[in-house]
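Dear colleague,

I am passing on the structure we spoke about, and my notes on it follow below. Please read them with the sequence and the coordinates open beside you.

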Amino acid sequence: MFDQAQFVISNTDYRKCPKPDKPEFAFIGRSNVGKSSLINMMTARKSLAKTSGRPGKTQLINHFLIDESWYLVDLPGYGYAKTSKKNRAAWTEMIQDYLLNRESLQIVFVLIDSRLDPQKIDLEFIQWLGESGIPLALVFTKADKQSINKGQQSIAKFKRVLKQTWEHLPMIFLTSSETGLGKAELSEYIEHILES
Ligand code: GTP
Ligand code: MG
């Protein structure tokens, strides 16, 4: 699994994405949370997906073909403060269209910075996914930047907030693109969905 990874195409429109004849998994979350880094970590390729210290690096819907049989999708982040109203509206349209209409999408991984308290913008986005009936899992990132205990506390806080509105909590992973933490669990989870 993840033996072969290749970039296929970037798009602004889900209708121009590769034919939806293979299962796919998308990574989304706030700008700079570590989506592109996580794709590189999962595929063991240093710069397959472009990363940057500056938020707003990924601007398009990027398809990566894995083992010639399924796709990982890197999406642009939300919540980038320095973007214009027009850009934000374009992002919303592009991402919502993709998420609502991409028939081969199996699950959306929502990435959350494990160092932060629950953020309104993440909670609202997760709420929207839930209301739209889009399957999701949560991936807490950058675990290496603090103790594991602190990361787990963040997850516990997040769960407490979610429980106020969600009956069933989604799958939750704690990861680090630096150390590879969570890679095995995330791979296994994807594999399980691919096999079912
Ligand atoms: P946008 O494309 O701008 O939305 O950002 P992104 O979510 O794709 O983030 P990206 O992967 O580009 O990472 C942003 C910054 O965080 C980069 O400087 C990464 O090196 C750093 N980073 C990402 N993941 C980790 C991690 O697990 N640990 C540490 N220490 N740094 C990380
Ligand atoms: Mg990115």
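Does Thr58 count as buried or exposed, and what is the relative accessibility behind that call? Before I answer, please keep in mind that this is a predicted model. Thr58 has a relative accessibility of 13%, and because the cut-off for buried is under 20%, Thr58 counts as buried.

Thr58 also takes part in the metal site, where the magnesium ion (ligand 2) is coordinated by Ser36 through OG and by Thr58 through OG1, at 2.0 to 2.2 Å. These two residues bring together distant parts of the chain, since Ser36 belongs to helix α1 (residues 35-43), whereas Thr58 sits in the loop between α1 and β3, 22 residues apart. Ser36 is likewise buried, with a relative accessible area of 7%.

Leu99, if residues up to four places away in sequence are not counted, touches Ile28, Leu105, Val108, Phe125, Trp128, Leu129 and Ile134.

Finally, Gly151 lies in helix α4 and is buried, with a relative accessible area of 1%. Leaving aside neighbours within four places in sequence, Gly151 is in contact with Ser114 and Gln146.

Notes: Residues numbered from 1 in each chain as written. Chains lettered and ligands numbered in written order. Predicted model: local features only at pLDDT ≥ 70, side-chain atom pairs only at ≥ 80, totals over all residues. Heavy atoms only, no water. Contact = heavy atoms within 4.5 Å. Donors = N, O, S within 2.8 Å, 3.2 Å for Na, K, Ca; no water. Helix = DSSP H or I, 4+ residues; strand = E, 2+ residues; numbered from the N terminus. Buried < 20%, exposed > 50% of the residue type's maximum accessible area, 1.4 Å probe, protein only.
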